[in-house]
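Here is a short walk through one protein model. Keep the sequence and the 3D view side by side as you read.

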Amino acid sequence: MPVSPSSSAQAAREAVAKRLRALRVEAGLTIGELATACGWHHSKTSRIENAVTAPSARDIRRWCTAVAAPRQAEDLIVQSVHAETMYREWRDQTRRGLAELQNGRASLYQSTDLFRIYSSTLVPGLLQTEGYAAAVLRIAAREGLAVDDSAEAARARVDRSRILHEGGGRRFVFVVEETVLHHRLGDTDAMAAQLGHLLSAGALPAVSLGIIPMAATDRTQWPRETFHLFDEALVSVELVSAQVNVVQPSEVAQYARTFEQLRSMAVYGGGARELILRAIATLH
């Protein structure tokens with residue numbers, strides 16, 4: 001069972017906290033004694049050990065000096081930085097607008113040969129029409145952003161999807177839950193255009209589009225969080241509060257295995273087309 005991205009990030013934080021606590025215990029220091037040696041309040045030690053507060057590099061160096069283990073400081077700093085950068089806060093990403101966010105991964109897309117994308121909620125960005133994308137991004141723009149540039153961001157998202165037609169040996173494997181076809185984003189015309197686009201995009205030579213039927217009775221995986229696999233290098237997962245980037249090889253491999261299980265439950269070709277046409281019929 002793959003660990004959720006929020007749990008993965010928290011587990012990474014807790015691993016740092018656990019190691020710092022172990023060093024304190026091994027040194028025979030109480031929480032108060034370590035706090036005194038580091039020059040801060042004892043509550044800070046407790047917050048760090050319980051993974052409530054992330055330690056700074058300076059905090060870790062002080063801690064390791066206090067427990068007579070200065071050589072362990074740099075490794076712990078790297079581990080702590082990795083734990084914190086697993087989270088990229090949504091507001092930080094979008095502070096210059098949604099269009100900037102859409103353009104921000106151009107180099108990653110150009111350098112990727114195999115895209116594996118699973119979605120349980122929305123039509124994947126690379127398959128979105130401008131009308132559908134605008135509806136999705138208008139919702140995102142309501143999350144307290146200083147600038148609503150959702151229309152511009154929608155155009156940027158559609159422009160990015162041109163990579164599907166560029167060739168170059170790239171492959172795009174999409175797996176979506178059938179419920180994605182029925183979530184109403186935008187008006188009837190926008191949804192009809194989006195579903196019609198799926199029919200044509202799914203026929204592109206570089207694209208494999210699989211749909212997991214709602215009526216599937218032999219599931220080996222329940223619906224998961226939406227995630228993108230870029231080759232074997234990166235998994236990107238979008239949560240409510242953050243975008244999580246998973247780079248640890250063992251976790252990337254775990255997502256790859258989960259993707260294959262989800263892919264095996266999907267229908268393709270005529271089966272996928274039938275589900276899309278059924279969803280179009282429900283619009284009227």
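**Pocket, cavity and helix packing**

The second largest pocket holds about 190 Å³ of space. The model is a predicted one. Which residues line this pocket? The lining includes Leu198, Leu199, Gly202 and Ala203. Val207, Ser208 and Leu209 also belong to the lining, as do Tyr268, Gly269, Ala272, Arg273 and Ile276. Sorted by class, the lining has eight nonpolar residues, three polar ones and one charged one.

The largest cavity has a volume of about 30 Å³. Its lining is made up of Val123, Pro124, Leu127, Val176, Val180, Leu181, Leu198 and Leu209. By class, eight residues of this cavity lining are nonpolar, with no polar and no charged residues. Leu198 and Leu209 line the cavity, and Leu198 and Leu209 also line the second largest pocket.

Next, look at two helices. Two packed helices are described by the angle between their axes and the distance between the axes. Helix α2 spans residues 31–38, and helix α4 spans residues 57–66. They pack at an angle of about 115°. Their axes lie 9 Å apart. Is the crossing of α2 and α4 left-handed or right-handed? The crossing is right-handed. On the α2 side, the contact is made by Leu34, Ala37 and Cys38. On the α4 side, Arg62, Trp63 and Ala66 meet them. By class, this contact has five nonpolar residues, no polar ones and one charged one.

Trp63 leads on to the aromatic rings. The model has a count of eight aromatic pairs. One of them joins tryptophan 40 and tryptophan 63. The pair is tilted, with 6.4 Å centre to centre and 45° between the planes. Where do the two partners sit? Tryptophan 40 is in the loop between α2 and α3 (42–49), while tryptophan 63 is in helix α4. The two are 23 residues apart, and the pair links distant parts of the chain.

Technical notes. Residues numbered from 1 in each chain as written. Predicted model: local features only at pLDDT ≥ 70, side-chain atom pairs only at ≥ 80, totals over all residues. Heavy atoms only, no water. 1 Å grid on protein atoms, 1.4 Å probe; cavity = no way out; pocket = protein on both sides within 12 Å on 5 of 7 lines; lining within 4 Å. Points joined across faces, edges and corners; volume = space filled by probe spheres on them. Nonpolar A, V, L, I, M, F, W, Y, C, P; charged D, E, K, R; others polar. Axes fitted to C-alpha atoms, helices over the stretch in contact; angles between N-to-C directions. Helix = DSSP H or I, 4+ residues; strand = E, 2+ residues; numbered from the N terminus. Left-handed = near helix turned anticlockwise from the far one by under 90°. Contact = heavy atoms within 4.5 Å. Phe/Tyr/Trp six-rings, centres within 6.5 Å; stacked < 30°, edge-to-face > 60°.
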